[in-house]
Amino acid sequence: MDIKVPRGTQDILPSDSGKWQIVEELIRETCSLFQYKEIRTPIFEHTELFTRSVGDTTDIVQKEMYTFQDRGDRSLTLRPEGTASTVRAYVEHKMFGYADQPVKLYYMGPMFRYERQQAGRYRQFVQFGIEAIGSADPAIDAEVISLAMSVYQKAGLKNLKLVINSLGDTESRVAHKEALVNHFEPHIKEFCTDCQNRLQKNPLRILDCKVDRNNPLMASAPSLADFLNDESATYFEKVKEYLTILNIPFVVDPNLVRGLDYYNHTAFEIMSTAEGLGAITTLAGGGRYNGLVEELGGPESPGIGFAMSIERLLLALEAEDNNWATLSMLDVYVISMGEAAKKKAVELTNVFRQNNITSEMDYLDRKIKTQMKSADRMKAKFVLIIGDDELEKESVMLKNLSNGEQQLIPLNKLVEQVKNSITAWVEEEK
Ligand code: ATP
Ligand code: MG
């Protein structure tokens with residue numbers, strides 16, 4: 001059979017899924033610390049949800065969506081991002097009426113975009129994102145950014161750069177938009193057809209164009225920073241103040257424009273500065289979207305959020321040479337030789353599992369030496385050796401695979417002593 005995975009998708013093999021689980025776990029823990037609750041929405045939605053919210057001048061809507069007609073002739077789309085669905089659910093389930101505001105949500109799951117495959121860019125990827133809806137307090141902007149930074153730091157990333165900008169409110173953007181049109185219009189023929197279309201609809205998006213990024217008119221374009229009205233400028237100042245209180249270093253980049261239409265005020269990206277990461281260095285992006293809930297039929301409810309892919313987080317960890325290889329997921333490998341010992345092995349492996357001690361044993365009747373090799377490959381913390389001698393003494397031998405130390409453990413104290421040894425092992429490895 002020569003059927004392979006579709007282009008842009010990948011199998012996550014058992015040798016890697018452990019890393020995924022660790023990252024997913026630390027994400028869930030962090031969300032719980034910050035009190036964001038999980039929401040799970042469908043993998044596909046009505047196409048209109050994305051054209052309306054993400055915006056029909058964006059790359060996502062124009063080129064990247066997996067859209068299909070179902071058998072009932074509805075146009076459906078595999079979700080390319082999580083904010084639209086989350087906000088749809090917020091409106092549909094009237095979360096604006098919840099007693100506790102803002103509503104703080106997170107999601108984690110596969111997203112789909114028809115993109116050119118490269119390292120860090122896939123057609124199916126897993127995004128984790130959060131949304132805080134119902135507050136226009138700059139302190140929550142800082143909280144959202146701080147949650148993203150926490151996840152990366154807990155995962156062990158060191159070379160991080162936070163870039164922020166303000167896209168201003170509607171009034172500021174209208175003034176800026178006019179200046180942009182005046183700036184680009186006389187030379188628009190030099191730009192790609194996408195940019196020509198963007199000129200009247202959404203000229204801000206020209207600044208985010210990947211084709212024309214080196215055109216000198218990009219660098220000389222009027223900066224939004226000069227068009228922020230007082231309210232927007234004050235808001236931005238406060239976000240920066242709160243980030244400083246939270247000890248989060250940042251860089252302001254007036255050219256940071258996010259790809260989606262619904263952003264205003266705070267926009268941010270988190271990059272990795274690790275060498276060897278390749279062309280793609282943006283790990284996460286987010287921002288404020290004060291008009292989106294209304295756009296999707298709800299009452300005015302300001303929101304802010306971000307999204308990151310687990311794939312890029314793992315790539316960044318790899319680029320920083322994080323040593324996942326030393327991670328041990330197996331506490332005890334039970335080694336036995338002979339009929340009686342084998343029976344004991346089955347029994348003890350089960351006893352371990354019932355006591356929350358991860359354990360494995362041999363099912364191929366291999367020699368002790370080969371079982372030992374297996375334990376090594378699985379990165380077991382300990383092996384438990386059951387032999388006739390030991391059985392006679394009602395005891396077993398526990399060997400620490402990091403330092404080679406052995407101890408004879410009486411069977412009636414087995415669980416207690418193995419648990420103590422595991423605790424000591426973990427302490428030692430820290
Ligand atoms: P880019 O400029 O890299 O295309 P984007 O602006 O399309 O990014 P967003 O839509 O803001 O990205 O998505 C937020 C995050 O989701 C990105 O920072 C990245 O971590 C991740 N992401 C987006 N597209 C992909 C993809 N095709 N493969 C893997 N991760 C992705
Ligand atoms: Mg993209």
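1. Glu115 touches Glu64, Arg121, Tyr122 and Arg123 once residues up to four places away in sequence are set aside, a contact being heavy atoms within 4.5 Å. The residue sits in the loop between β5 (103–112) and β6; helices (H or I, at least four residues) and strands (E, at least two) are DSSP runs, numbered from the N terminus. Glu115 counts as buried because its relative accessibility is 12%. Buried means under 20% relative accessible area, exposed over 50%, and partly exposed in between, with a 1.4 Å probe and protein chains only.

2. The model is predicted, with local features needing pLDDT of at least 70 and side-chain atom pairs counting only at pLDDT 80 or more, while totals for chains, interfaces and linings use all residues. Residues are numbered from 1 along each chain as its sequence is written, chains are lettered from A and ligands numbered from 1 in the order in which they are written, and side-chain values use heavy atoms, with hydrogens and water left out.

3. Which residues come nearest to ligand 1? Of the 16 residues around ligand 1, they are Arg113, Glu115, Arg121, Arg258 and Leu283. A residue is near a molecule or strand if one of its heavy atoms lies within 4 Å of it. By class, the shell around ligand 1 consists of six nonpolar, four polar and six charged residues. Here Ala, Val, Leu, Ile, Met, Phe, Trp, Tyr, Cys and Pro count as nonpolar, Asp, Glu, Lys and Arg as charged, and the others, Gly among them, as polar.

4. A polar side-chain atom of Glu115 is 2.6 Å from a nitrogen atom of ligand 1. A nitrogen atom of ligand 1 also has a backbone N or O atom of Tyr122 at 2.9 Å. At Leu283, a backbone N or O atom lies 2.7 Å from an oxygen atom of ligand 1. The protein covers 89% of the 590 Å² of accessible area that ligand 1 has on its own; accessible areas come from the Shrake-Rupley method with a 1.4 Å probe, and for residues only the protein chains shown count as cover. The elements giving two or more residues to the shell around ligand 1 are β6 (124–133), β10 (282–288) and β11 (303–309).

5. The UniProt annotation "binding site", from an unreviewed entry, covers Glu81, Gly82, Thr83, Arg113, Gln127, Glu131, Arg258, Tyr262 and Tyr263. UniProt positions are given in the numbering used here, feature names are shortened, and annotations may be inferred rather than shown by experiment. Among the annotated residues, Thr83 belongs to helix α4 (residues 83–92) and is buried at 7% relative accessibility.

6. With a relative accessible area of 15%, Arg258 is buried. Beyond residues up to four places away in sequence, Arg258 touches Arg205, Asp208, Tyr263, Ala267, Phe268, Glu269, Gly285 and Gly286.

7. Arg88 is placed in helix α4 and is buried, its relative accessible area being 19%. Which side chain makes a polar contact of 2.7 Å with that of Arg88? The partner is Glu45. A polar contact is a pair of N or O atoms within 3.5 Å; within protein, one must be able to donate a hydrogen and the other to accept it, and residues adjacent in sequence count only if both atoms are side-chain atoms. Neighbours within four places in sequence aside, Arg88 is in contact with Thr41, Pro42, Glu45, Leu49 and Leu296.

8. Asp331 is found in strand β12 (residues 330–336), buried at a relative accessible area of 10%. The side chains of Asp331 and Lys381 form a polar contact of 2.8 Å. Apart from neighbours within four places in sequence, the contacts of Asp331 include Asn356, Ile357, Thr358 and Ile422.

9. Cys195, in helix α7 (residues 193–201), counts as buried at 0% relative accessibility. Its contacts, leaving aside neighbours within four places in sequence, are Ile188, Ile206, Cys209 and Asp212.

10. As to the whole chain, the protein has 15 helices and 16 strands. Of its 430 residues, 52% count as buried.
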